[in-house]
Structure formats: C-alpha cells, structure tokens
Amino acid sequence: MGNACRRLVDCCLEPSSLDGQLQAGDHQFRRQQNGGSLCPAGSTASSHGVTVHTAGFAALARDLFQFEITSQVPDGLSQYVQGAKATQAVWYRKILSAWKSTNPPPTNAAEASCLVLRALQGHRKTDVQGLLSFYDLIQVDATTVVVPLTAVTVTAPTARYPHVAIVAGGSQGLKYEIQTLPVDSQSVADGDTVTVYVDVMKDAREKAAVPQAVLEAVRKRRTAQLHHDLAMADALLTQIKQAGYKIFTAKNSKDEVLARKYRVRLRGVDAPETKQPYGPQAKAVLLSLVEGRSLRVLVYGVDQYGRIVADIYCKNVFIQEVLFKKGCVWHYVQYDRRPEFAQWEKDARAARVGLWANTNPEKPWDYRRQKKNQGSQHG
C-alpha cells in the first residue's frame, strides 16, 4: 500500500472569531502550502476536529447522512468545484449509494477516498479532486488496496481532545461527531435529553453549512446595534433563533460566537418522565454531569422529534454509563442491544440504587403509552 493511502491528516481547526468570519466574507478559503490542500481560511490541513484517522471521513459521513434526509449539499462545496448544485447532488447520490452497498462500509479517510473515486469515475477530474480537498481526504488512486483500521487504537490530537481515545472502525453506525460549547443550567429537559450548541467557527462542516440568510441577519443585527436600533436588532435575533442558531458573547471579550442548536436524545437509554417517580432526580443527575462542561457528542441518527440520537462523553466519562450505574435510566432494548448496557442495568437493579429502590418501577415507555391512550379517550 502506497504512502499516499496511509497518510492521514492529524491537525484540528484553529479557533477564530465570528467577527473575523464576517469581515472576511462568507466561506472564504485559501490554499494551504502544506500538501497544497484546500482548507477554510484560518485552518490547518484537517479542519473537522475529529480523530486523526477519521477527520475527513467523519465529515463526509455526516454530510451524506444530512443529504439523505434533506437532499441538500454543503453550501461551502461550491468554493472547491465547478459543478452546479444539481450536479453536486448527483455526486452525493452516487457516493451515498456506493457507501450503502459497500460491506463493510468505509472506516477511515483512505477507504472513504477510494470509495469516492470509484463512485465518481467518469466525472471531471478537477471536480473530484475538489470534493476530496473539501473534506481533506487523501488524493489516492481508485485501485489502491486499503487495509481497514479495525484493530488500531488512535488517540486524538492533544491540542483538541487530550482525553479521548477511539478504536477506529469500532463505532458501527456512527454518522458524525460534534464538540459543544459549555452546557447551561436550562439545557437539560429530562433525564435523557439535553440541548447543546456548537460553535460554527470551530467546526468546518458547521461553518460551511450556515445559511446565507443567517449570516445576513447577523450582519444586519450588528448594523442595527451600531445605530442603536434595538427593535430591529431584537427582531433579527429572533430570526436567527428561529433558524436554529444562537449568538453568544465570548468570555473575557466582546466577540460574538454564532452557534448551532442541537437537541440530543441519549442513545440506548430511557429515563423516567418528569412526573414519574424518580423523574426529577434523574434529570438532576444528568444536569450535574453536564452543566458548565463541553461535551463530545457521537451522533448515530435523528429521532421522530428531530433530536439527534447520540452517545455523550464529558472528558473521559461516558455519560450513559454513569446514568446506568446511578440507577437513573432503563436500557432501551427496543432501540439498542449493547450488552454492557444490559449488564449495567442488571447491576443497578441488584444494588437497588436510584429508580430501582422502588419495588416495581413503571417503564417510561409504558407510562407514555398510557398517557397517550388517556389523551385519545378524552379527545
């Protein structure tokens, strides 16, 4: 296997302020001298903030996942390729089809690069190279044989995730990964749901996906503030929030941070509802684990309510594991069959901790079904 197929990027996006992004214009890019790859302005060769072996791979997987739901391609891609949006959509359909039909699917940047090249054979070479550069993927030959990294343990760059170690290829079904801003005290809805925000300037894919209307609203709001037009500034802030974004003021400065909002449903667990016995306690435990802390969120899908379904880590702590061991959640077997989850629930039951201190606790899914049926009868 050639060196080009083994060479993986190992740097993360360097922070920059929203002010700098707006002053430079929307999605301004420059060519890095390191290898000649195209990267967002102000970033290093790999700008997705994930592990060394999955930097571009995770970003591509996330965009394919979003494309399958929305049929929309990333806004920033046009900075790298000549093809029109409709042409780009054709590429993503082909890549998505190839990804689904590949067994096992790609598990690292090199495998993803080879898949893209095979899926887009016959398309304009400059466009294919531009697509690979957009994701910081390796420029490899489509016939290169790639050895999967299923048994390799990799540690993320210490500058970004000093505490995280991941087994490449060990998270089957993982769509993408985000790093959040610190969670505030109002962000926990119950024992298994939390609202988080992602700084779009620290995640290249988020940065490229910000709608033009949102960026324009941010600019207009700033102008309104300069002219002391508070009514207009408030109206524009509402528009930004309705689009799923929020503006924060950075600590120790006057810089503003534009962040995207995500509602996160913890994967594989179900906590008692707020009005159930131990529901408030379960919520309080989750809040104590995440309040004031940045979270690492591994996204596996989206539920019927539009929440991302994810595993959550805080520093080196797996949040679902803590909730199980404190007796705060049930194993949601209908959607998750991980044996460690079953064991953690069994241990908590035996120790009669948390909700298991009750003799016969009601399953939250049964509670919800009962409430739904009662509502139907009254309707």
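Contact here means heavy atoms within 4.5 Å. This is a predicted model: local features need pLDDT of at least 70, side-chain atom pairs count only at pLDDT 80 or more, and totals for chains, interfaces and linings use all residues. Residues are numbered from 1 along each chain as its sequence is written, and side-chain values use heavy atoms, with hydrogens and water left out.

**Exercise 1.** Find where Y278 lies and list what Y278 touches.

Solution. Start with the position. Y278 sits in the loop between β10 (269-270) and α10 (279-290). Helices (H or I, at least four residues) and strands (E, at least two) are DSSP runs, numbered from the N terminus. Next, the contacts. Leaving out residues up to four places away in sequence, Y278 touches P272, K326, G327, C328, G354 and L355. Now take L355. Y278 and L355 are 77 residues apart in sequence, yet 5.7 Å apart in space, C-alpha to C-alpha.

**Exercise 2.** Compare the span of α10 with the expected one, then name its buried residues and their cover.

Solution. The expected span is 1.5 Å times one less than the number of residues. α10 has 12 residues and reaches 17 Å from first C-alpha to last, close to the 16 Å expected. Buried means under 20% relative accessible area, exposed over 50%, partly exposed in between (1.4 Å probe, protein chains only). In α10, the buried residues are G279, A282, V285, L286, L287, L289 and V290. Their cover includes β6 (188-190), β7, β9 (256-266), β12 (308-314) and α11 (319-325). After α10 comes G292, with a positive phi near 75 degrees.

**Exercise 3.** Is T195 buried or exposed?

Solution. Locate T195 in strand β7 (residues 193-199). T195 is buried, because its relative accessible area is 17%.
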